[in-house]
Amino acid sequence: MTPALEPIRKIAAYAICTDSTDRVLLVRASSRSGTPGVWSLPGGAVDHGEDPNHTVVRETAAETGLSVSVVGLRDVLADMRSLPHRGVTIHTDRLLYQVSVRGGTLCDRIGQPTDLARWHTVAEAEKLLLRPFTARALGMPSGPIDLRPDEAPEFPSFHAVPGPDGLHRAQRFAAYAVATDPDGRVLLTRVADGYPGAGCWHLPGGGTDYGEQPGAALIRELVEETGQRGRLIELIGVASHRDAASLGPEGYPIDWHGVRAFYRVVVDSPAPPTVGDIGGSTSEARWFGREELEALPVDRLTEVTAEAVQAARLG
């Protein structure tokens with residue numbers, strides 16, 4: 001009988017960078033990596049508390065020698081990879097950014113997880129062995145993902161572990177909806193007592209489950225929290241927020257780092273909101289007209305809600 005592999009989650013940010021002739025910048029995994037010889041977009045894991053915008057700049061400089069600036073967010077996706085020799089499966093939430101080069105000199109690296117950085121035409125890239133998320137980002141067919149379960153396992157979406165200062169810390173990826181109906185009303189939920197931001201109005205959504213894609217997670221959460229069935233329209237942006245000592249139902253302070261993608265969602269046939277997850281983090285759901293939304297004091301909105309409403313140009 002094969003022993004179960006320990007579930008691990010991480011958040012990572014990557015650069016989609018092209019030059020004046022439409023060549024794309026790729027890096028090759030070295031023999032020190034788990035996928036030697038495979039090419040991918042430059043990037044890597046988001047450190048605890050780090051804004052993914054900073055991650056993609058830092059990692060691209062380290063892997064290629066080039067200084068880049070972020071132009072915009074292109075996509076957010078998730079995949080899983082099994083590493084039986086390490087006894088783990090890794091679920092990675094990947095943020096893909098369009099970037100432009102500010103300066104620097106392309107360089108190779110010795111003794112690092114990536115050893116080469118090169119510009120490739122699309123025709124050249126099609127002949128390379130690419131990581132599945134990289135192939136997808138470049139509009140090419142991708143090979144099979146190492147592990148994709150038929151159903152998401154019953155694993156928590158995060159693990160709080162002791163940090164170097166002794167305080168428990170956790171990093172969580174979540175997806176939220178700026179959901180509107182045909183009349184332009186906006187759907188909000190109220191945070192239940194005992195949770196950070198209790199009493200404030202929040203976007204419907206929440207942490208994605210292990211093995212779950214952000215879009216699918218969002219539509220699921222929308223039904224569970226509000227009883228509404230929505231249609232995913234577009235990715236609006238990503239917010240990063242660290243609460244160094246958040247107190248929730250765990251009963252002890254946790255140094256939380258949340259990375260949250262928010263999407264525009266349309267509810268074509270709105271219904272009176274109903275909270276299906278009784279006893280959870282949502283105590284109420286309600287449709288707000290634009291004037292009602294604008295009249296809400298800022299301190300009655302959660303941080304991610306205020307940011308997403310502004311990005312969606314609703315407030």
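Trainee: Is Gly163 buried or exposed?

Mentor: Residues are numbered from 1 along each chain as its sequence is written, and side-chain values use heavy atoms, with hydrogens and water left out. As the model is predicted, local features need pLDDT of at least 70 and side-chain atom pairs count only at pLDDT 80 or more, whereas totals for chains, interfaces and linings use all residues. Buried means under 20% relative accessible area, exposed over 50% and partly exposed in between (1.4 Å probe, protein chains only). Since the relative accessible area of Gly163 is 15%, Gly163 is buried.

Trainee: Which residues does Gly163 touch, not counting residues up to four places away in sequence?

Mentor: Contact means heavy atoms within 4.5 Å. With residues up to four places away in sequence not counted, Gly163 touches His168 and Arg169.

Trainee: Is Gly139 buried or exposed?

Mentor: Gly139 is found in the loop between α3 (132–137) and β8 (161–162). Its C-alpha atom is separated by 9.7 Å from that of Val122, 17 residues apart along the chain. The relative accessibility of Gly139 is 67%, so Gly139 counts as exposed.

## Helix α1

Trainee: How far does helix α1 reach from its first C-alpha to its last?

Mentor: Helix α1 covers residues 52–64 and has 13 residues. The expected span of a helix is 1.5 Å times one less than its number of residues. The reach of α1 is close to the 18 Å expected, being 18 Å.

Trainee: Within what arc do the buried residues of α1 fall?

Mentor: The buried residues of α1 are Pro52, Thr55, Val56, Glu59, Thr60, Glu63 and Thr64. Seen down the axis, they line one face of the helix, because they fall within an arc (that of the directions from the helix axis to the C-beta atoms) of 120°.

Trainee: At the start of α1, a side-chain oxygen of Asp51 reaches to the backbone nitrogen of which residue?

Mentor: A polar contact is a pair of N or O atoms within 3.5 Å; within protein, one must be able to donate a hydrogen and the other to accept it, and residues adjacent in sequence count only if both atoms are side-chain atoms. Here the side-chain oxygen of Asp51 reaches to within 2.8 Å of the backbone nitrogen of Asn53.

## Strands and their partners

Trainee: In β6, which residue is the bridge partner of Glu6?

Mentor: Two strands pair if DSSP finds at least two bridges between them. Strand β1 (residues 6–17) has nine of its twelve residues buried, and twelve bridges join β1 to the parallel strand β6 (residues 88–104). Three bridges also join β1 to the antiparallel strand β4 (residues 43–45). In β6, Glu6 has as its bridge partner Val88.

Trainee: Which residue in β15 stands opposite Leu187?

Mentor: Five of the six residues of strand β10 (residues 186–191) are buried. Six bridges join β10 to the antiparallel strand β15 (residues 282–288), while two join β10 to the antiparallel strand β11 (residues 201–202). In β15, the residue opposite Leu187 is Trp287.

Trainee: A polar contact joins the side chain of His202 to that of which residue?

Mentor: His202 is found in strand β11 and is buried, with a relative accessible area of 15%. His202 touches several residues beyond four places away in sequence, among them Tyr176, Leu188 and Val304. At 2.7 Å, the polar contact of His202 joins its side chain to that of Thr302.

Trainee: Which are the edge strands of the open sheet of three strands?

Mentor: The order of the open sheet is β3-β2-β7, with antiparallel pairing. Six bridges join strand β2 (residues 24–29) to β7, and Arg28 has Leu116 in β7 as its bridge partner. The strands that pair on one side only, the edge strands, are β3 (39–40) and β7 (114–120).

Methods: Helices (H or I, at least four residues) and strands (E, at least two) are DSSP runs, numbered from the N terminus.
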